[in-house]
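Please examine the sequence and the model before turning to the solutions.

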Amino acid sequence: MIRDSMFLQPEQTLFQRFMNLNWGLVFLLCCVMGVGATSLYSAAGGSFSPWADKQLIRFCGGLVIMCAVALVDMRWWYRLAWPLYGVAFVLLILVDIMGHIGMGAQRWINLGFIQIQPSEIMKIAVIMALARHFHGAGPEQVRRLTFLIIPAVLILAPVGLVMLQPDLGTAMLILMGGAAMVFIAGAPLWIFISAIAAGLAAIPIGWQFMHEYQKQRVYVFLNPELDPLGSGYHITQSKIALGSGGVYGKGFMEGTQSKLNFLPEKQTDFIFTLWAEEWGLFGGAFLLGLFALIFMTCLRIAMRCRHNFGRYLAVGLTVNFSLHVFINISMAMGLIPVVGIPLPMVSHGGTAMISTLIGFGLIMCCHVYRHSKVTR
Amino acid sequence: MARRSDDEGFKTFSRRTLLVGGLQIVGLGVLGGRLAYLQIVEGNRYKVLADKNRINLRLISPPRGLIVDRFGVPLAVNVENFQVHMIREQTEDMRTSLQALQKLIPLENQVIDSVIEQAKKIPKFLPVKVKEDLTWEEVARIQVNLPDLPGIFVERGETRNYPYGLETSHLTGYVGAVSEDILKAEGEKEPVLSLPGFKIGKIGIEKQYDGEMRGKAGASEIEVNVVGREVRELKRLEATPGDRITLTIDAELQRYAHELLSKERSASAVVMDAQTGAVYVMASHPGYDPNLFSRGIPSSIWKSLLDDTSLPLSHKALVGQYPPGSTFKMITALAGLESGVTNGHRTVYCPGFYMMGKQRFHCWRPQGHGRVDIIGALQKSCDTYFYTIAAEMGIDRIAEVGRRFGLGSKLGFDLEDERPGIMPDKNWKYGRYSERWHNGETVVNAIGQGYVLTTPLQLAVMTARLVNGGYAVKPWITAKIGEQDKTPAPAEKMNEVREDFLAYILKGMESVVNTAGGTAYGSRIVEAGMEMGGKTGTAQVQRITKEQRAKGVKNEDLPWEQRHHALFVGYAPIHAPRYVCSVVVEHGVGGSRAAAPIAKELLLRAQTRDPSAMAMQTSPVEELKPSPETITPGKKPGREGPA
């Protein structure tokens, strides 16, 4: 690439920016949403209420928000990165304190008209903060260990707070997403190798701190027969549903496992199972293909972005999105223990949908502003 | 910013981003592979598991086969009844609902408790039976008040009903709940047995042909959701109804026999076809109401049935073993003729007793019969004559003839409960008591006392073989199982029998009834062409003591349990005999007095109806439809003989 010949793009009008949105990505997202709405319609036994209709409305609202986010000047987001992180951090602490007072797990802040999940904001805030932190750094800096202290704090502080809630799944997502960003920013490989080694070594210690229900999930995951009617039941029934779908599926609205309620949480965590039961291997592969195209489109946006902030932001958000997909589907297939991670755009749920679309908005913003210069 | 380092940073970024992208593709590939593995390789296994999840196989109880008489008159049917059920989830408070129900129909508090108890053990959307056999009025009362009875509803069920009730009780038997042992032994093969409320035959025909009448359970594949609630029916395989059992019985004749017997305290009668062995009547009195059993008999009634000294639960015509008394004399006579110790001309003088050595054997008539030949001896039932010939030929000759005529062993009757009776001889006594036979015992047994025991059915068979010219007929009662004809092959002629000897016996039996001085002359049939022949019998229950004889105590003055049994065997018409009949009146004092009149009426009615002359009918005369009337027990289908 001959970078010398490139010029910085002059300021774009709103209309230009709008035309610059990545419409291919919007189309792919609409396709995934179509799968979600279809599944939710079927999950409700052939009815738009109570899930499919709300999901579609949220998606439409989310699309507007996504475009708005994408059209905001990239530099605004750059400047907002730290404050946003700060707000999310304060909210997390608040939630933890309220949780303590309420003597139980607390993940939500009720603002009266809306409930916000600070950990959900934090997922994006961490990525933005890291993108900003790495934006001005050259490769030599990134390779210096001292430079990585700030990212480490940026990642581990919220991870700790989320684990206190306790929400192990989200904490792992933040940790893994953050680590991915440190990785693409060019941190030395030995850090990751030793971190993984340390992590493996820490498993026995971490085990001590795990909640009983979490340990139970692991036990049962390793041996579902331990509790065929309890936690193992979810895994077993989900595998039965997937497997019985076969190559061609049982047909739209014909999924017996989900129709007859053998499949728990069919509209949220196990929505992929319902889809693959009714549409078979073809349907399942179709959805996986859609996700693959989305990942690739996003990474392509990152690669074509001229400034580090946009690159890191786009990759970080893509990794975060793909982790959701992997964890949710692996869980439905019985590859990992059951954790409450929704399948983005498909699972029924408001906050997840909006935050996912905000994430895509940011990625598209990187696309719209791919030629812009982002100064420190 | 140094462009070189920027460049280098971009390279690192690109490399590592491509690696991330590669990992993502690999990740999706793994998921796709896993999906393909689950859906292709393990697909069929999981399909089975999914079906197991969702499909409940529910058995459909087959309707039990009917029992009908030879003309299709139903003796055992299935009557739809009305039952009241309750579903827990449809009421907020079960007790309130049940108490509201209690105001409408009789319902014990203890039933309410047990219903609540039961309902708590099963899923709350499944019904529990509260009460069955509701009357029409009760159903109406409940239906009108349904809004005040949350969770309660009325449903149709089926119970076994016996239109003739106690009159055919011993034949049909009854049905009852499946016992634990049977369930354990057969439950695997016949899952229908484990259906709640399923009834099986406990005794009589119901038990004998339980397998045939039970039918085959149908099945309904019901899709259920995760808590077992029914969603829809997927497939239905209708139950195969059990076979109908057609009996040779003539229900109306049976009813009439019962009416005649019921004048006595305990009695039984058999009417049989002398030519074919088909049983037309097999009646025992007293009977019981089998309808009580199919609904669960109250223990008080059960206890009173068990305690009754007249044994209402016992099928006396089949299992009652009585000394035949003088009805046995035909056998002794025939044995005498066959062994040559007597013939048509030999006479014996009866002074009222017979002396064997120093031992005196009394004739029933103290003043004696004077000189009698074989026919006169039968007519007047002279004991002395038979003492004499029996002493001359010995017990073994008599026993041999008795066995040939169906005494002393089971006849292979359709009902298993059949008893063998006893036809003693020297070997039998040695086997039983390890003692030698005394000659004195020969004379006692020759007049049907002593060890000899016979059932009313055996007496009828004996009579049939005597009057049909010596054909070894066997009794049978099952005419058809379903459409399968069970009529046995015609009986074979017994080759030892000489018809000229039988003629003497028949002549004697004819004069018992039709010649003045015969012991049953008072019971003769006067209708021309319908006259009967027969033989009375009076069997001692207790030895008559010397004191009683000296005092001239009359048997009828003794307590009921000590009185003689009254017996009669008969046949009609005299020429070409068709119907044979045996009657035993327990403690009826004398055969001529108690048994012969019953036999006369039965044989007269049998000839009037003449069931043997009419073809059997295969289908029931009327199928009982559910109606308030049929629910009320004791109602009989009106029928006045096959027109």
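This is a predicted model: local features need pLDDT of at least 70, side-chain atom pairs count only at pLDDT 80 or more; totals for chains, interfaces and linings use all residues.

Residues are numbered from 1 along each chain as its sequence is written, and chains are lettered from A in the order in which they are written.

**Exercise 1.** Locate the cis peptide bond from A:Ser49 to A:Pro50 and the one from B:His285 to B:Pro286.

Solution. 
Step 1. Most peptide bonds are trans.
Step 2. In chain A, the cis bond from A:Ser49 to A:Pro50 has omega near 5°. A:Pro50 belongs to the loop that links α2 (23-43) and α3 (52-71); helices (H or I, at least four residues) and strands (E, at least two) are DSSP runs, numbered from the N terminus.
Step 3. In chain B, omega is near 0° for the cis bond from B:His285 to B:Pro286. The loop between β12 (279-285) and α11 (290-294) holds B:Pro286.

**Exercise 2.** Determine whether B:Ser434 is buried or exposed, and do likewise for B:His587.

Solution. 
Step 1. Most residues other than glycine have a negative phi.
Step 2. B:Ser434 has a positive phi, near 50°, and sits in the loop between α18 (426-433) and α19 (439-446) of chain B. B:Ser434 is exposed because its relative accessibility is 53%; exposed means over 50% relative accessible area, buried under 20% (1.4 Å probe, protein chains only).
Step 3. For B:His587, phi is positive as well, near 55°, and the residue lies between β21 (579-585) and α23 (591-609) in a loop of chain B. With a relative accessible area of 11%, B:His587 is buried.

Note on methods:
Side-chain values use heavy atoms; hydrogens and water are left out.
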